[in-house]
Amino acid sequence: MSRPRFIAIGTAVAALMLALVPASATAEPPPPTVVAAPDVDINGVLDHVSQFQSIAAANGGNRASGTPGYDRSADYVADTLTAAGFSVTRQACTTCNGQDENIIADWPGGDTANTVMVGAHLDGVRYGPGINDNASGSAALLEVALTLAAADPVMSKHVRFAWWADEESGLRGSNYYVRTTGVSDIEVYLNLDMVGSPNAGYFIDNLAGSYSTPFRDYLDGQGLAPEEMTECCSDDGPFRNAGVPTSFLSTGASKVKTSAQAAKWGGTAGRSYDPCYHSSCDSYPGNINTTALDHMTDATAHAVWEFAVQ
Ligand code: PHE
Ligand code: ZN
Ligand code: ZN
C-alpha cells in the first residue's frame, strides 16, 4: 500500500530534479562576482607614517639607504607584513647603498603567472626624514596590504607588494629586482611615490593607458580629474624598460601648481606641490596632506581589487 506511494514520491522528486538539472546546465555561467575594495583606514596609514617619522628621529634624522634609519624602516614593514600572514622576502640588493634590502611581500593565492605588483620606495634622502617622499607611498601601500589580508577575498590574480631600497641614488633597488628576479610573471607594475603632498595635485603617469583605468576611474569618481604626470622618475622605470605595463600615482614633487590646477584641486597656485621636497622639513605631521593621502590610498586599493580580486 505504502510502496507505490513511495515510488510515486520518488518519481516526482526525480522528475523535479530532471526539470532543474538541464535548466541550470544550459544556463550561462554567472559573471564573476565583482567585489569592491573596502575603504582603507586613513588612520592606519597615518600610524605608519608616524612610525617612519619616529624611526628617522631615533636614527640621525633620516631613513636614507645605507643607514640604520633605512634598516629600521625595513624591519617595521617586514615584521608588520609577516604578522599579517604575508610571505615576506628580504632581498639583499648588492648594488644598493649599504647592500640594503628590498622588502617583497606575496599574498597567497591567485594566478602567479599573472602577478599584479605594486611598489613604493622605502628610502629617503639624507637631508631629512623623507615623509612625503616616500613614507607616504610606503605607508599607503602597507595599509592596502593589511586591508587585503584582513578582507581575505578570493583572488583571481596573484598580488605582490614591494618596498624598494635606494631609489634616491638611481632606482637601484627596483633595478636590482628586475635584473635578478625577472619580470616574466608580472602582468602590471603600479607605483606610488609622494602621495601626500601638502599642495597636492592628482597625477597619473600614462594617464590614458589601459592599466591606468582603475586609478583614473577612482579619482574621477571623487571629482578630482587627474592629469598626466610631468615629473620624473621613479621605480616604474625599470619595469617599463623591461616591457611590463606600468601606472604610477603621485601628488607631485617640486613643480609649481598652476592657477587652473588650484581652481580644481584647491591649494596654492604658484607654489610647489611639495615645497619641502628633498629638504629637512619633509617631516610628519607638517608635510602630509591627509586628504590627498586618503584619496591616493583608496585609489590604490581600488586598482588592486579591480585587477586581482574575483
Ligand atoms: N622619484 C623622485 C624622488 O623620489 C621624484 C618624483 C616623485 C618624481 C614623484 C615624480 C613623481 O625624488
Ligand atoms: Zn620619491
Ligand atoms: Zn626623492
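Let's start with a loop. D152 is found in the loop between α4, residues 131–151, and β4. For context, most residues other than glycine have a negative phi. One caution before I go on: this is a predicted model.

Two peptide bonds also deserve a look. Most peptide bonds are trans. The bond from C232 to C233 is cis, and its omega is near 10 degrees. Where is C233 found? In the loop between β7 and α7, and α7 covers 236–241. Next, Y284 and P285 are joined by a cis peptide bond too, with omega about 10 degrees. P285 is in the loop that runs between α8 (259–265) and α9 (290–308).

Strand β3 spans residues 111–121, and strand β4 spans residues 157–164. They pair in the parallel sense, over seven bridges. Take H121 as an example: its bridge partner in β4 is W164.

On to the ligand. Where does ligand 1 sit? In the largest pocket. There are 15 residues around ligand 1. Which come nearest? E167, D193, C233, Y277 and H278.

What does the shell around ligand 1 consist of? Six nonpolar residues, four polar and five charged.

Here are the polar contacts, one by one. E167 places a polar side-chain atom 2.8 Å from a nitrogen atom of ligand 1. D193 does likewise, with a polar side-chain atom 2.7 Å from a nitrogen atom of ligand 1. For E168, an N or O atom of the side chain is 3.3 Å from an oxygen atom of ligand 1. How much of ligand 1 does the protein bury? Taken alone, ligand 1 exposes 320 Å², and the protein buries 96% of that.

Definitions and conventions: Residues are numbered from 1 along each chain as its sequence is written. Chains are lettered from A and ligands numbered from 1 in the order in which they are written. This is a predicted model: local features need pLDDT of at least 70, side-chain atom pairs count only at pLDDT 80 or more; totals for chains, interfaces and linings use all residues. Side-chain values use heavy atoms; hydrogens and water are left out. A residue is near a molecule or strand if one of its heavy atoms lies within 4 Å of it. A polar contact is a pair of N or O atoms within 3.5 Å; within protein, one must be able to donate a hydrogen and the other to accept it, and residues adjacent in sequence count only if both atoms are side-chain atoms. Accessible areas come from the Shrake-Rupley method with a 1.4 Å probe; for residues, only the protein chains shown count as cover. On a 1 Å grid over the protein atoms alone, a cavity is a set of points where a 1.4 Å probe fits but cannot get out, and a pocket is an open set with protein on both sides within 12 Å along at least five of seven lines; lining residues have an atom within 4 Å of a point. A molecule sits in a cavity or pocket if more than half of its atoms lie within 2 Å of its grid points. Ala, Val, Leu, Ile, Met, Phe, Trp, Tyr, Cys and Pro count as nonpolar, Asp, Glu, Lys and Arg as charged, and the others, Gly among them, as polar. Two strands pair if DSSP finds at least two bridges between them. Helices (H or I, at least four residues) and strands (E, at least two) are DSSP runs, numbered from the N terminus.
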